[in-house]
Amino acid sequence: MTIVWLVLPFQKRNVIFERALKVLPGSYKLWHAYLKERRHQVRHACPTDPVMEAVNNTFERSLVFMNKMPVIWIEYCRFMMKQRYGTRTRRVFDRALQALPITQHDRIWPLYLKFVRALGVWQTAVKVYRRYMMFDPLQREEFISYLLSVGQYDEAAQQLALVVNDSNFVSQQGKTKHELWMLLCNVLSQHPERIKSLKAEPIIRSGLRQFSDEVGRLWCSLADYYIRLGQFERARDIYEEGCDTVLTVRDFSMIFDAYAKFEETMVTAKMEMTEEDEDEEEDDLDEDGDDIELRLQRLEHLMNRRPVMLSSVLLRQNPHNVNEWINRVAIFAERDPTKAIVAYTEACKTVDPKKATGRFNVLWADFARFYEKYDDLDNARIIFQKATEVSFKSTDDLASVWCDWAEMEVRHDNFAKALEVLQQATAVPSRRRRTAAAGGGPPDASRRRGAHAYVHKSVKLWALYLDLEECYGTLDTMRSAYDQCMELKVATPAMVLNYARVLEERSYFEEPFKVYEKGVALFTFPHVKEIWLQYLVKFVERYGGRKLERARDLFEQAVDSVPAEDAMVFFALYAKLEEEHGLVRHMMAVFDRATAAVAEKDRYMVFLRYIRKAEEFYGITRTRQIYEKAVEVLPDHQVKDICIRFADMERQLGEIDRARAVYAHASQFCDPRTVVTFWKQWHDFEIAHGNEDTFRDMLRVKRSVQAQYSQVNYMVADMVNEVAPTMTDAEAMAAVAGAGPGRGANSMGMLEAQAVKRKSGEAGLPQQVCWCVCVDDAGGWGGVWGGGVGVGGGGGHTTSQARRHDDEILSYPRGLIRLVYLIHTYANEAGVLHNFFPLSECCFGAGMWLALAPSPVSPSLHRGV
């Protein structure tokens with residue numbers, strides 16, 4: 001059926017549609033299909049072809065019945081847009097909007113707007129957009145964009161003004177209120193001659209109040225507005241106003257750069273105009289030349305004012321910035337002293353001392369020194385006098401003002417005036433004045449509060465006052481100043497010591513001791529330490545033993561209050577006093593007290609000095625009690641050192657057993673891995689004074705201590721620092737042989753030599769040996785063979801002697817590897833390292849063998865059956 005339909009001529013199809021529509025005129029499907037068929041038939045026709053008008057008539061007939069169908073209207077509008085009939089198409093759109101309900105207008109307006117934008121008649125498009133704004137005001141940004149694109153800036157500015165004034169407006173393009181404001185300001189400033197309906201300056205100034213982060217840009221826009229209007233003087237006023245009101249350096253830089261560029265452009269334009277008007281009259285040329293010179297001077301003046309204007313910006317940010325006020329004054333000081341004085345005055349009036357950033361007293365001092373620079377001391381004194389009445393935040397600031405005033409008087413040799421100033425500053429205020437300074441009292445006095453009530457206790461002020469009194473005052477005024485300072489409890493330990501020194505230099509020998517007494521009453525440790533030391537030393541130097549009881553009383557006061565960290569030097573001086581001027585037993589009692597009073601880090605040195613004095617005055621036997629107390633009192637890391645001294649003392653007295661007991665006690669605190677020196681000394685002691693049993697006891701103790709410290713880890717550097725040189729094999733054997741007849745041939749000497757060489761083995765020394773160690777079936781000592789000489793089972797020692805070796809050697813923690821090294825040690829001493837046997841010759845029946853093959857660096861252990 002479809003094939004038949006398609007092959008029919010379009011005239012017959014149209015007739016069939018017409019007959020159907022005559023029967024069913026209200027059928028939407030028939031009309032839609034018929035219109036689609038008619039549009040298809042004329043798709044390639046010219047817009048002026050009569051068939052196009054026939055299709056238009058068909059659409060008109062369909063709308064009689066289908067006037068509420070938006071699809072029919074949309075197809076009709078599109079068909080009319082294709083024919084490019086402006087007025088007829090616009091009327092069709094208008095009829096569609098009139099016929100359709102308002103809920104379906106959103107389907108018509110996009111096509112309508114597309115038509116008017118493509119039409120090219122902006123007047124028609126503007127009127128259509130205005131009607132569209134009544135339907136959908138949220139699309140006002142689209143209208144604004146179209147107006148800007150066609151150059152209708154006045155209408156665009158009006159629409160932008162409506163947008164920014166509507167607090168409920170929500171941008172469909174995602175723009176913020178700030179961006180819309182800036183767009184409006186740009187439109188107003190860039191097209192002032194085409195915008196007549198709005199006043200640009202009030203709108204831009206309103207933006208200045210609302211958007212503080214765009215102040216510089218808005219000021220530049222306002223100035224640009226007047227520049228485009230040709231009102232250059234008004235633009236210059238705007239730039240000046242902007243530079244004088246902005247609060248940030250960024251905004252100032254933006255405005256100033258635009259201002260400078262504007263002036264440069266004006267000068268350039270004027271010079272170009274002068275070159276073009278060379279043919280005019282001479283009078284006009286002279287006038288233009290003068291104008292150019294004026295503009296150049298104006299530009300130069302602007303550039304010279306930049307530092308001052310920038311300083312003004314910073315001070316508008318914080319008018320209490322003292323450092324910026326000082327920088328501002330420095331700008332004027334080199335150019336115009338009068339302006340510098342005005343700046344100083346303005347600064348002193350503007351800055352609030354409670355809110356000041358920086359040292360406000362420095363500003364006042366610089367102001368006074370500015371007058372001093374020009375030898376105007378009277379005005380400088382007036383400035384300092386006013387500065388002393390300012391309510392500074394801290395007492396130190398007010399004290400600095402007084403000190404600067406006094407130093408100015410000293411620089412000009414007005415010493416009496418300087419002392420008068422400092423006397424006024426350090427005078428104790430009356431009760432009424434203190435109340436006013438604290439905030440009470442009459443209103444004029446309550447403004448000066450805080451610092452004035454305590455400035456007379458300023459250490460800085462008193463230090464300068466005392467120095468000036470010492471240099472330029474009399475003895476009485478100096479002593480009065482020092483006494484007043486100490487009464488106010490302002491004095492420092494340095495002041496006390498200086499006061500005593502001055503009195504001593506002027507031959508007042510007893511007066512310094514009174515000063516020291518006041519000083520030790522004022523301070524506590526650690527501040528009073530230097531006063532006590534100077535007091536005690538000077539007293540002993542002056543009186544020696546003539547006032548011994550008074551000296552002892554002073555020392556007792558000192559040592560009773562001194563902390564443990566500083567006690568050593570006082571006990572040393574006390575002991576020296578008793579040694580030189582008192583009794584020895586008192587000196588020993590002082591040392592005994594010191595051993596418990598000093599800090600732990602100083603206790604060892606006190607014991608050494610105690611022992612030395614006891615040996616000097618009572619003999620060496622008296623030191624035994626001190627040594628015993630030291631062993632009980634000292635910390636573990638110092639017990640080793642005192643025990644070595646203790647054992648050496650007992651050895652000198654011939655008490656070998658007591659010395660050995662001391663070594664045994666100290667060994668509990670000495671790890672063999674780190675404290676090598678202690679075990680070396682005990683080892684040497686046993687070689688010189690012990691026997692086989694004592695040496696074995698020493699080794700047993702060493703093993704037990706080593707096991708005790710087996711879980712303790714050390715840094716390698718700590719272990720290396722404790723390593724001490726050991727005896728060689730020959731030295732050990734010589735020491736054993738030189739001990740006397742009958743001692744060098746026993747097993748004691750062998751064990752000593754082996755113990756010495758064991759340390760060399762632990763150090764990793766390379767050996768080149770080839771020995772076989774036989775272990776019999778019962779697990780005992782079978783023998784050691786090497787170089788053709790048997791050791792053990794058929795060599796130089798008997799089996800019983802070897803078993804004693806076995807008891808000692810096989811007990812070492814590192815096992816058989818140490819055994820092999822000890823075998824090599826003995827063989828080296830016996831001189832049997834030659835003519836080595838191969839491994840195959842070192843077997844005896846069913847015995848078990850251990851062999852050490854030769855190696856150039858370190859031996860390796862082999863085992864065979």
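View 1. Just after α22, D413 adopts a positive phi of about 60 degrees. Helices are DSSP runs (H or I, at least four residues), numbered from the N terminus. This is a predicted model, in which local features need pLDDT of at least 70 and side-chain atom pairs count only at pLDDT 80 or more, while totals for chains, interfaces and linings use all residues. Residues are numbered from 1 along each chain as its sequence is written, and side-chain values use heavy atoms, with hydrogens and water left out.

**View 2. Helix α22 and its cover.** The 17 residues of α22 reach 24 Å from first to last C-alpha, close to the 24 Å expected at 1.5 Å a residue (1.5 Å times one less than the number of residues). Of these 17 residues, 12 are buried, so α22 is largely enclosed by the rest of the structure. Buried means under 20% relative accessible area, exposed over 50%, and partly exposed in between (1.4 Å probe, protein chains only). Among the buried residues are W402, C403, D404 and W405. Their cover includes α20 (360-373), α21 (377-387), α23 (415-426) and α26 (459-472).

**View 3. The largest nonpolar core.** A nonpolar core is a set of buried Ala, Val, Leu, Ile, Met, Phe, Trp, Tyr and Cys residues joined through side-chain atoms within 4.5 Å. The largest has 131 residues, and F360, W532, F570, I642 and F678 have the most contacts inside it. Helix α22 (residues 395-411) gives the most to this core, with 8 residues. Not counting residues up to four places away in sequence, I642 touches Y604, L608, I611, Y627, A630, V631 and L634 (contact: heavy atoms within 4.5 Å).

**View 4. Salt bridge between K629 and D592.** A salt bridge is a side-chain nitrogen of Lys or Arg within 4 Å of a carboxyl oxygen of Asp or Glu. The closest N and O atoms of K629 and D592 are 2.8 Å apart. K629 lies in helix α35 (residues 623-633) and D592 in helix α33 (residues 584-597), so the pair ties together parts 37 residues apart in sequence. K629 is partly exposed at 26%, and D592 is partly exposed at 31%.

View 5. The side chains of D684 and K680 meet in a salt bridge (2.4 Å, N to O). Both residues lie in α38 (residues 676-689), 4 residues apart, about one turn of the helix. D684 is partly exposed, with 27% relative accessibility, whereas K680 is buried at 15%.

Note on methods. Helix = DSSP H or I, 4+ residues; strand = E, 2+ residues; numbered from the N terminus.
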